[in-house]
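Hi there,

Here is the structure I promised to pass on. Have a look at it first, and my notes follow just below.

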Amino acid sequence: MPDTDLLINALTTILVTIDPPGLAPIFLSLTAGMSRSERKQVAWRGSLIAFCILSVFALFGDSILGLLGISMGAFRIAGGLLLFWIAFEMIFEKRNERKEKTGETATLRDHIEDIAVFPLALPLIAGPGAISATILLAGSYPGTVGRLQLILVIGACVAILFAALVIAERIDRFLGQTGRAILTRLLGVILAALAVQFVVDGVTSAFALKV
């Protein structure tokens with residue numbers, strides 16, 4: 001039987017790090033001038049590539065850490081600090097500014113020929129935060145069945161993101177600038193709390209403490 005609390009924690013963590021509401025207006029700016037069907041194709045391809053990237057890290061992330069001699073406790077501390085920094089950026093409206101600059105650079109460099117791969121799939125969807133969160137969560141899902149459950153959670157999050165990108169225009173109109181700011185800050189606070197929990201778990205594991 002899957003642990004409901006664990007599944008909810010994984011769903012919340014990944015969903016907040018990929019940030020569908022915050023990504024919607026950036027996606028609109030990246031695909032300016034495209035038809036609705038072209039935008040849907042870009043959203044589908046970018047979401048699929050991001051899902052594959054995160055799934056690979058869900059399956060083999062801890063093995064990669066093992067090869068590098070990094071313990072899961074140490075990575076939980078480092079990953080938790082990284083997620084806390086992302087939460088800090090979300091609360092103080094720095095993350096979207098950085099994403100917008102990344103999008104503008106890619107538009108100039110690639111002339112929107114293949115934005116589904118860069119910057120949409122990587123680094124806007126499957127960025128450092130989402131990859132770190134995936135590896136951290138993988139430590140709580142041992143065994144084949146556990147990893148499959150995590151991949152299903154990733155698939156659900158990416159599916160929600162894809163839906164948000166498809167209806168990006170409606171989301172942008174509905175939320176407006178004020179709504180986006182409020183939602184981004186609220187999600188940032190939630191992510192900060194999750195990040196602190198990762199650090200606490202990492203310290204407990206690394207130093208063999210009993211809580």
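Before the first finding, a word on how a bend is defined here: the bend at a residue is the angle between two fitted axes, one for the seven residues ending there and one for the seven starting there. Please also keep in mind that this is a predicted model.

With that in hand, look at helix 9, which covers residues 168-206. The helix has a kink of about 90°, centred on glycine 176. Just after helix 9, alanine 208 has a positive phi of about 50°.

The largest nonpolar core contains 55 residues, and Leu83 and Leu150 have the most contacts inside it. Helices 1, 2, 3, 4, 6, 7, 8 and 9 each supply at least two residues of this core, with helix 8 giving the most, 10 residues. Not counting residues up to four places away in sequence, leucine 150 touches Ala10, Ile14, Ala58, Thr134, Leu137, Ala138 and Tyr141.

Finally, which residue is buried yet has no salt bridge? That is arginine 76, in helix 4. The nearest side chain of opposite charge, aspartate 201, is 5.6 Å away, while the cut-off for a salt bridge is 4 Å. Leaving aside neighbours within four places in sequence, the contacts of arginine 76 include Leu136, Gly139, Ser140, Phe198, Val199, Asp201, Gly202 and Ser205.

Best wishes

Technical notes:
Residues numbered from 1 in each chain as written. Predicted model: local features only at pLDDT ≥ 70, side-chain atom pairs only at ≥ 80, totals over all residues. Heavy atoms only, no water. Helix = DSSP H or I, 4+ residues; strand = E, 2+ residues; numbered from the N terminus. Expected span 1.5 Å × (residues − 1). Core = buried A, V, L, I, M, F, W, Y, C linked by side-chain atoms within 4.5 Å. Buried < 20%, exposed > 50% of the residue type's maximum accessible area, 1.4 Å probe, protein only. Contact = heavy atoms within 4.5 Å. Lys, Arg positive; Asp, Glu negative; His and termini not counted.
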